[in-house]
Amino acid sequence: MEELAWLVLQAMVGRYHVIDVLYLYYVERLDTRRIGRRLGMGGYSIRSIVEGVWFEVRSVYTLQSYLSRYYPVLLEVEPVMVPSEDGFTCRLCGTSVLRLPARHVLDRHQDLVLLVRDMVVREGRARAGRAGASQA
Ligand SMILES: [Zn+2]
């Protein structure tokens with residue numbers, strides 16, 4: 001999947017810890033033990049995120065570049081799938097799913113994923129522009 005759309009999708013299903021782990025590992029270059037201490041997660045969970053992403057996106061190099069530019073903005077993306085009694089409920093259409101909330105968002109709300117991705121890019125660029133202007 002396209003790298004930034006995949007990151008946006010993680011936020012939309014509330015998997016912010018995935019974005020945190022990937023940022024700390026691929027951008028800040030922390031080892032899995034330090035990431036575990038910082039996030040309060042076990043080594044196995046961290047390794048499965050760090051290695052699993054290779055099967056999710058086309059290029060981890062591109063993913064790393066997006067994370068370095070858009071990490072703070074990605075964390076501000078609001079979740080559309082919220083945990084419910086058994087599974088997740090979609091705030092957009094009210095559908096409940098037992099598992100695979102990302103699959104529901106991709107199947108039913110893919111246009112919104114792409115729209116949010118474009119908003120993340122615009123916001124990221126606006127902030128980079130402001131940062132550049134304040135340094136000048
Ligand atoms: Zn829905």
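1. Is Arg29 buried or exposed? Arg29 is exposed, because 9 other C-beta atoms lie within 10 Å. Here a residue counts as buried if 20 or more other C-beta atoms lie within 10 Å of its own, as exposed if 12 or fewer do, and as partly exposed in between, with C-beta atoms placed from the backbone. You will find Arg29 in the loop between helix 2 and helix 3 (32-39). Have a look at its backbone too: Arg29 has a positive phi of about 60°, although it is not a glycine.

2. Before going on, a word about what you are looking at. This is a predicted model, in which local features need pLDDT of at least 70, side-chain atom pairs count only at pLDDT 80 or more, and totals for chains, interfaces and linings use all residues. Residues are numbered from 1 along each chain as its sequence is written.

3. Now the overall plan. The protein chain has seven helices and three strands; helices (H or I, at least four residues) and strands (E, at least two) are DSSP runs, numbered from the N terminus. Read from the N terminus on, the order of elements is α-α-α-α-α-β-β-β-α-α. The radius of gyration of the protein chain is 16 Å, close to the 14 Å that the globule rule gives for 136 residues, so the chain is as compact as a globular protein of that length. That radius is taken over C-alpha atoms, and the globule rule is 2.2 Å times the number of residues to the power 0.38. The C-alpha trace spans about 50 × 35 × 25 Å along its principal axes.

4. How much of the chain is buried? Buried residues make up 29% of the 136 residues. As for contacts (C-beta atoms, placed from the backbone, within 7 Å), take those between residues at least 6 apart in sequence: 61% of them join residues at least 24 apart.

5. Next, the inside. A nonpolar core is a set of buried Ala, Val, Leu, Ile, Met, Phe, Trp, Tyr and Cys residues joined through C-beta atoms within 7 Å. The largest such core has 34 residues, and Val8, Met12 and Leu22 have the most contacts inside it. Among the elements that each supply at least two residues of this core are helix 1 (3-12), helix 5 (60-74), strand 2 (87-90) and helix 7 (110-135).

6. Three strands form an open sheet in the order 1-2-3, with antiparallel pairing; two strands pair if DSSP finds at least two bridges between them. Strand 1 and strand 3 (96-97) stand at the edges, each with a single partner strand, so one side of each has no neighbour in the sheet. As background, strands of a sheet pair through backbone hydrogen bonds, either parallel or antiparallel.

7. Strand 1 (residues 81-84) and strand 2 pair over four bridges, and they form a hairpin with two residues between them. In strand 2, Phe88 is the bridge partner of Pro83, and Cys90 is the bridge partner of Met81. Strand 2 and strand 3 pair over two bridges, with Ser96 in strand 3 as the bridge partner of Thr89. Their hairpin has five residues between the strands, and Gly94 in the turn has a positive phi of about 80°.

8. Which residues of helix 6 are buried? They are Pro101, Ala102, His104 and Val105. These residues cover an arc of only 160° around the axis, which puts them on the same side of helix 6; the arc is that of the directions from the helix axis to the C-beta atoms. On the other side of helix 6, Arg103 and Asp107 are exposed.

9. Ala102 counts as buried because it has 20 C-beta neighbours inside 10 Å. Leaving aside neighbours within four places in sequence, Ala102 is in contact with Leu9 and Val13. Leu100 sits in the loop between strand 3 and helix 6, and its phi is near 55°, a positive value in a residue other than glycine. With 14 C-beta neighbours inside 10 Å, Leu100 counts as partly exposed.

Methods:
Two residues are in contact if their C-beta atoms, placed from the backbone, lie within 7 Å.
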